[in-house]
Amino acid sequence: MACVIQVINPNTSQAMTDTIAGAARRAAAPGTEIAAVCPSQGVPSIEGHFDEAVATLGVLEQVRLGKAQGVDGHIIACFGDPGLLAARELARAPVVGIAEAAMHMATLVATRFSIITTLPRTLVIARHLLQRYGFEHHCAALHAIDLPVQALEDPHGMAQHKVREQCIQARRQDGCGAIVLGCGGMADLAQTLTRELDMPVIDGVSAAVKMVEALAGLGLSTSKHGDLDYPLDKPLTGAFSHLR
């Protein structure tokens with residue numbers, strides 16, 4: 001069955017959108033079309049609560065556009081899963097965040113996993129997500145490479161080297177059975193690291209693609225009973241009016 005999945009990079013970086021799109025297409029089944037997009041306005045990288053708040057509006061705008069185009073699912077390709085529940089209210093098709101997808105997938109192949117992310121300040125966001133999704137006791141440790149997200153845009157730079165080093169350290173010291181890469185910009189590293197470390201290294205973009213394909217194949221869409229029902233019909237003014 002043909003399936004069209006909208007993959008939303010919530011920041012404005014086209015280079016990172018291209019990296020995310022490549023990982024999504026490699027994971028996609030034959031017949032699945034990947035429509036990778038990013039907002040034209042917002043932040044060039046997401047590295048804190050303020051960035052997430054700004055990026056959420058861009059996510060919702062892209063979900064609205066994808067819904068109008070009739071896509072079969074939406075992926076929020078930032079490890080903070082910004083605007084996830086709001087996007088589910090707006091959409092009928094499934095909406096999956098890459099942190100949520102990666103954590104779920106990790107628990108299917110290991111009893112404990114570690115997370116490798118970018119700046120130390122984002123560790124608290126990952127901890128909040130572990131609590132929200134119920135995976136707090138599955139996470140062995142969290143590590144930060146202490147480099148900004150945009151450092152990952154250089155395919156031969158220090159960021160890739162530091163991700164590898166942190167993965168090796170986690171494998172040796174954490175007592176984990178899997179590693180979750182905590183940034184959409186790391187999406188193209190998972191397969192190589194899985195082979196090198198001989199353990200599952202999970203990229204949330206790829207995991208989310210397979211989850212959306214499964215949901216679409218089962219004919220499951222976002223529930224409109226309860227809190228994820230469409231937003232209440234009320235006027236939106238000014239810059240927000242287009243979200244209707």
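# Burial, salt bridges and helix packing

User: In which helix does Thr17 lie?

Analyst: Thr17 lies in helix 1, which runs over residues 14-27, where helices (H or I, at least four residues) and strands (E, at least two) are DSSP runs numbered from the N terminus. This is a predicted model, in which local features need pLDDT of at least 70 and side-chain atom pairs count only at pLDDT 80 or more, whereas totals for chains, interfaces and linings use all residues. Residues are numbered from 1 along each chain as its sequence is written, and side-chain values use heavy atoms, with hydrogens and water left out.

User: Why does Thr17 count as buried?

Analyst: The relative accessibility of Thr17 is 2%, and the scale, computed with a 1.4 Å probe on protein chains only, calls a residue buried under 20%, exposed over 50% and partly exposed in between. Thr17 therefore falls in the buried class.

User: What makes the approach of Thr17 to Asn9 a polar contact?

Analyst: The side chains of Thr17 and Asn9 come to 2.9 Å, and a polar contact is a pair of N or O atoms within 3.5 Å (within protein, one must be able to donate a hydrogen and the other to accept it, and residues adjacent in sequence count only if both atoms are side-chain atoms). If neighbours within four places in sequence are left aside, Thr17 is in contact (heavy atoms within 4.5 Å) with Asn9, Ala36, Val37 and Cys38.

User: Which residues is Gln62 in contact with, leaving aside its neighbours within four places in sequence, and why does Gln62 count as buried?

Analyst: Gln62, found in helix 2, is in contact with Gln6, Ile8, Val37, Cys38 and Pro39 on that basis. Its relative accessibility is 11%, so Gln62 is placed among buried residues.

User: What parts does the salt bridge of Arg88 with Glu100 tie together?

Analyst: The closest N and O atoms of Arg88 and Glu100 are 2.8 Å apart, and the pair forms a salt bridge. Arg88 lies in helix 3 (residues 84-90) and Glu100 in helix 4 (residues 98-109), so the pair ties together parts that are 12 residues apart in sequence. Arg88 and Glu100 are both buried.

User: Why do Arg164 and Glu196 count as partly exposed?

Analyst: Relative accessibility is 33% for Arg164 and 39% for Glu196, so each value belongs to the intermediate class. Their closest N and O atoms are 2.5 Å apart in a salt bridge. Since Arg164 lies in helix 6 and Glu196 in helix 7, this pair ties together parts 32 residues apart in sequence.

User: At what angle do helix 4 and helix 5 pack?

Analyst: Two packed helices are described by the angle between their axes and the distance between the axes. Helix 4 and helix 5 (residues 123-133) pack at an angle of about 65°, with axes 11 Å apart; axes are lines fitted to C-alpha atoms, for helices over the stretch in contact, and angles run from 0 to 180 degrees between N-to-C directions. Ala99, Glu100 and Met103 of helix 4 make the contact with Ala126, Leu129, Leu130 and Tyr133 of helix 5.

User: Why does Asp198 count as exposed, and why does Asp146 count as partly exposed?

Analyst: Asp198, in the loop between helix 7 (190-197) and strand 8 (201-203), has 65% relative accessibility and is therefore exposed. Asp146, in the loop between strand 6 (139-144) and helix 6 (158-173), has 49% and is therefore partly exposed. Phi is near 55° for Asp198 and near 60° for Asp146, each a positive value in a residue other than glycine.

Conventions. A salt bridge is a side-chain nitrogen of Lys or Arg within 4 Å of a carboxyl oxygen of Asp or Glu.
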